[in-house]
Amino acid sequence: MSDRDTYALRLGDDALVLSQRLSWWSSRAPELEEDLALTNIALDQLGQARALLSSAGDEDELAFLRGDREFLNLLIVEQPNGDFATTIARQLLFSVFQLRRYEALVGHPDDVIGGVAGKAVKEVAYHRDHAVKWTLRLGDGTEESHRRMQAAVDGLWPYTHEMLAHDPFEAQVGIDPAELREDWEEFVGGTLADATLTTPEPGDWRPAGGRQGLHSEGLGHMLAEMQSLHRAHPGATW
Amino acid sequence: MKKDWPLWEVFVRARRGLSHQHVGSLHAADSPMALGNARDLYTRRQEGVSIWVVRAADIVASSPQEKDAFFDPAADKIYRHPTFYEVPEGVEHL
């Protein structure tokens, strides 16, 4: 696989896995309106994933016939939905990063990568806005919502190290995530402070390996559900 | 604390030059959430360029019981309608 395709798959898998996670909330969010908001976000991510995967091969084969060891997404996007606060924390931590990454990739020489980035910037700006508003509401809400939101941020924080780590390969074919760290820390830190939440101290446990196909257990379960229909009925359509 | 989120009425302006039209209602805990939900529920297919949201409780409405007193007196006052002008021949856009 070419470097360009590998990079497109990394970007695409981040979007695809997050999309699948978010779509679980359909009919399960606190209100009907929030069902729509989260599934709209999931659809945006799916659109980005489809364009990126299609540019690297057959999108159905890539989405439905790869095993978990062949997925190149970051660990943070595959983390289980948990309670609503956990999903919002994952949205905040990742969408701030994803937005900066797409912004940096606008004008990328590859038509698809540059094109998806240009379109996705507006979409993800809304995803970030959605996550920020909920973070403020939950963090600065009731005692219980504050406790859950802080626990969610604390629980997901270790996965941000992989997301923002220096990556020589990505620096060469796209944007080095480490270059986005300062901006990310400032925005996320500011949002957490506004929400009366504490930014966690960097700990020693820094799980990584998503880009090499080494994933947490939950991804296998998620893929089993996502892929079962296509594997049982190859080429099935609506 | 009330458990249910309040109801909001949503008005969307389809494009410049038109006025906002009532399109429906939704639940939201606060005004930013109401705007966000309205965007997701009512402008998914490029229906609008501007959204207003108003708490349903803040709308003062005429009462159905007072309908007769409110609206019927206008029925027999035909002189309020501009129907007494002769339209000159050849006028298309009147």
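This is a short chat about where two protein chains touch and about a few residues in a predicted model.

Student: What should I know before I start?
Tutor: The model is predicted, and local features need pLDDT of at least 70, side-chain atom pairs count only at pLDDT 80 or more, while totals for chains, interfaces and linings use all residues. Residues are numbered from 1 along each chain as its sequence is written, chains are lettered from A and ligands numbered from 1 in the order in which they are written, and side-chain values use heavy atoms, with hydrogens and water left out.

Student: OK, how much area do chain B and chain A bury between them?
Tutor: Chain B and chain A bury about 1,200 Å², with 56% of it on carbon and sulfur atoms; buried area is the accessible area (1.4 Å probe) that two parts lose on being put together, summed over both.

Student: And which residues in chain B lose the most area to chain A?
Tutor: Those are Trp5(B), Arg39(B) and Asp40(B), which together make up 39% of what that side buries.

Student: How many residues does the contact take from each chain?
Tutor: The contact takes 13 residues from chain B and eleven residues from chain A, where contact means heavy atoms within 4.5 Å.

Student: Which residues form a salt bridge there?
Tutor: Asp30(B) forms one with Arg137(A), and their closest N and O atoms are 2.8 Å apart; a salt bridge is a side-chain nitrogen of Lys or Arg within 4 Å of a carboxyl oxygen of Asp or Glu. Across the interface of chain B and chain A, the rule finds one salt bridge.

Student: Which element gives the largest share of the chain B side?
Tutor: Helix 1 of chain B does, with seven residues on the side that touches chain A; helices (H or I, at least four residues) and strands (E, at least two) are DSSP runs, numbered from the N terminus.

Student: New topic: is Leu180(A) buried or exposed?
Tutor: Leu180(A) is buried because its relative accessible area is 8%, and buried means under 20%, exposed over 50%, partly exposed in between (1.4 Å probe, protein chains only).

Student: What does Leu180(A) touch?
Tutor: Not counting residues up to four places away in sequence, Leu180(A) touches Phe97(A), Arg100(A), Arg101(A) and Ile175(A). Phe97(A) is 83 residues from Leu180(A) in sequence, yet the two are 7.2 Å apart in space, C-alpha to C-alpha.

Student: Last one, what about Ser27(A) and its phi?
Tutor: Ser27(A) is not a glycine, although its phi is positive, at about 75°. Ser27(A) sits in the loop between helix 1 (3-23) and helix 2 (32-54) of chain A, and counts as exposed at 60% relative accessibility.
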